[in-house]
Amino acid sequence: MGEKIAVIGTGYVGLVSGACFAEIGHRVVCADVDEGKIERLRAADIPIYEPGLDHLVRRNLGSGRLRFTADIDTAVRDADIVYVAVGTPGLDSGAVDLSQVSQAVRQIAAHLNGYKIIVIKSTVPVGTFRFVEQTVKEAAGENARFDVVSNPEFLREGSAIRDSFHPDRIVIGATSDTAARRIARVHESMGTEVLFVDPESAELIKYASNAFLAAKISFINEMANVCEKTGADIALVARGMGMDRRIGPYFLQAGIGYGGSCFPKDTKAQLHVAKKLGCDMKILQAAIEVNERQRLLFADKVARALDGSVKDRIVAVMGLAFKPNTDDVREAPALDIIRVLRQSGAQMRAYDPVATEKAGLHLPGVCLYSDPYEAISGADAMVVCTEWDQVKNMDLHEVKRRLRTPVVVDGRNVFEPKLMVQLGFRYHSVGRKNVQEEYAGIV
Ligand code: UGA
């Protein structure tokens with residue numbers, strides 16, 4: 001018999017978690033203040049592009065295990081477990097805006113009609129658990145029957161469904177053992193290892209994981225810049241490093257750096273929190289700076305590939321989303337790169353299979369395309385910013401035929417340098433030496 005679950009917030013985390021909980025047998029109601037969004041969700045019209053999500057939502061709507069509502073109060077009253085999965089946007093200071101969490105928690109407190117477990121799934125800085133506990137106590141009174149559990153989410157956009165069903169670990173931070181075990185049982189059918197910890201550790205595991213992964217990416221990007229000066233190949237360096245099990249092969253893909261709604265925000269938030277606690281996180285600070293610089297270095301690389309200036313040249317950027325299989329353009333490297341190239345006088349075009357609508361709002365003056373070949377026709381350079389299959393699998397003969405000058409600048413190292421030179425491209429990538437000279441003799 002499944003649990004009666006309410007999920008407040010139908011963003012990435014709330015929507016995916018709600019649909020997955022329904023799929024494994026719980027009765028789930030996903031609630032949101034946005035009535036328009038709820039109307040769309042009731043018709044299985046998913047506001048984000050996430051492979052497999054529409055199918056999952058449709059199936060569970062059909063079975064009756066998943067419902068959507070804008071009536072948060074009733075959703076809370078009818079549930080035994082309430083997940084808080086609202087947004088926690090970053091502020092300019094680096095701090096996290098907890099107003100949505102605060103509002104959701106007060107709303108839960110106002111409708112505590114019996115014992116409930118309040119689960120914090122939103123990404124929140126360390127200390128939020130205690131804040132939530134205190135807020136509910138104050139609002140609902142000392143006799144209110146509830147427990148709070150911190151249960152951070154580790155899913156990635158683009159593979160969110162798979163990550164939800166097969167997480168590497170489930171982290172549960174609580175002061176009540178009974179509540180912790182009940183939340184563990186919610187996930188039981190996944191067969192994943194559960195780590196029971198104190199609330200503060202749970203909150204920090206989330207930030208430490210994202211900060212560490214961000215640092216790993218910035219580290220490999222700095223190594224890539226060294227490779228370019230030495231003739232070494234970053235893909236081989238990363239492969240050799242990754243064979244050491246202590247390092248591991250993942251998140252060592254050099255390129256134009258990380259974007260998205262998580263790493264940029266969470267790294268800054270962790271830095272902010274650490275500073276307030278009197279801790280100076282130098283490695284994290286450097287990881288953020290390296291990531292910001294990597295985009296600028298890449299824009300420079302594009303200019304150098306076009307003989308030093310992009311002024312009045314037509315540049316086609318391939319991929320706007322911060323990574324493939326999502327239409328999310330938040331903090332996407334492509335947007336910054338386009339802005340810089342535009343400021344330097346380039347005529348910009350951009351292609352993305354799914355993100356042009358969302359990106360368009362941020363890209364005035366840029367011609368947007370949903371066909372990759374049309375985007376590059378007559379362009380002076382093709383610039384790869386997202387490793388979409390649609391880009392990786394382009395017919396390179398056709399690319400060569402369509403470009404006005406055969407320049408390809410590859411920010412995600414999707415093409416094979418030797419092949420590109422053999423095909424007659426002037427090809428530049430990240431952390432791999434400029435292949436022109438090396439292969440010049442064989443073409
Ligand atoms: C990230 C984490 O991977 C998730 O575990 C976490 O739950 C999520 O943030 C979150 O906090 O909600 P996500 O931002 O969806 O997930 O995407 P990632 O796959 O981690 O990629 C982030 C960025 O790093 C992308 O721009 C990607 O292109 C870049 N990246 C990733 C690299 O540049 N190199 C790599 O080797 C890996």
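Which helix gives the largest share of the lining of the second largest pocket?

1. The helix in question is α12, with six residues of that lining. The model is a predicted one, and the points below should be read as descriptions of it.

2. The second largest pocket has a volume of about 410 Å³. Its lining is made up of 16 residues. At least two residues of the lining come from each of α9 (199-230) and α12 (282-305). Nearest the pocket centre lie E228, K229, K301, R304 and S429. By class, the lining has six charged, six polar and four nonpolar residues.

3. The ligand is surrounded by 20 residues, and F154, L155, E157, K206 and N210 are the closest of them. By class, this shell holds nine nonpolar, seven charged and four polar residues.

4. For K206, a side-chain N or O atom lies 2.7 Å from a ligand oxygen. The protein buries 91% of the 720 Å² that the ligand exposes when taken alone.

5. The largest share, three residues, is from α9. Helix α9 also supplies at least two residues to the lining of the second largest pocket.

6. Why is the ligand placed between domain 1 (4-197) and domain 2 (199-443)? Both domains give residues to the shell around the ligand, so the ligand lies between them.

How values were computed:
Residues are numbered from 1 along each chain as its sequence is written. This is a predicted model: local features need pLDDT of at least 70, side-chain atom pairs count only at pLDDT 80 or more; totals for chains, interfaces and linings use all residues. Side-chain values use heavy atoms; hydrogens and water are left out. On a 1 Å grid over the protein atoms alone, a cavity is a set of points where a 1.4 Å probe fits but cannot get out, and a pocket is an open set with protein on both sides within 12 Å along at least five of seven lines; lining residues have an atom within 4 Å of a point. Grid points are joined across faces, edges and corners, and a volume is the space filled by probe spheres set on the points. Helices (H or I, at least four residues) and strands (E, at least two) are DSSP runs, numbered from the N terminus. Ala, Val, Leu, Ile, Met, Phe, Trp, Tyr, Cys and Pro count as nonpolar, Asp, Glu, Lys and Arg as charged, and the others, Gly among them, as polar. A residue is near a molecule or strand if one of its heavy atoms lies within 4 Å of it. A polar contact is a pair of N or O atoms within 3.5 Å; within protein, one must be able to donate a hydrogen and the other to accept it, and residues adjacent in sequence count only if both atoms are side-chain atoms. Accessible areas come from the Shrake-Rupley method with a 1.4 Å probe; for residues, only the protein chains shown count as cover. Domain bounds come from an automatic or database domain assignment.
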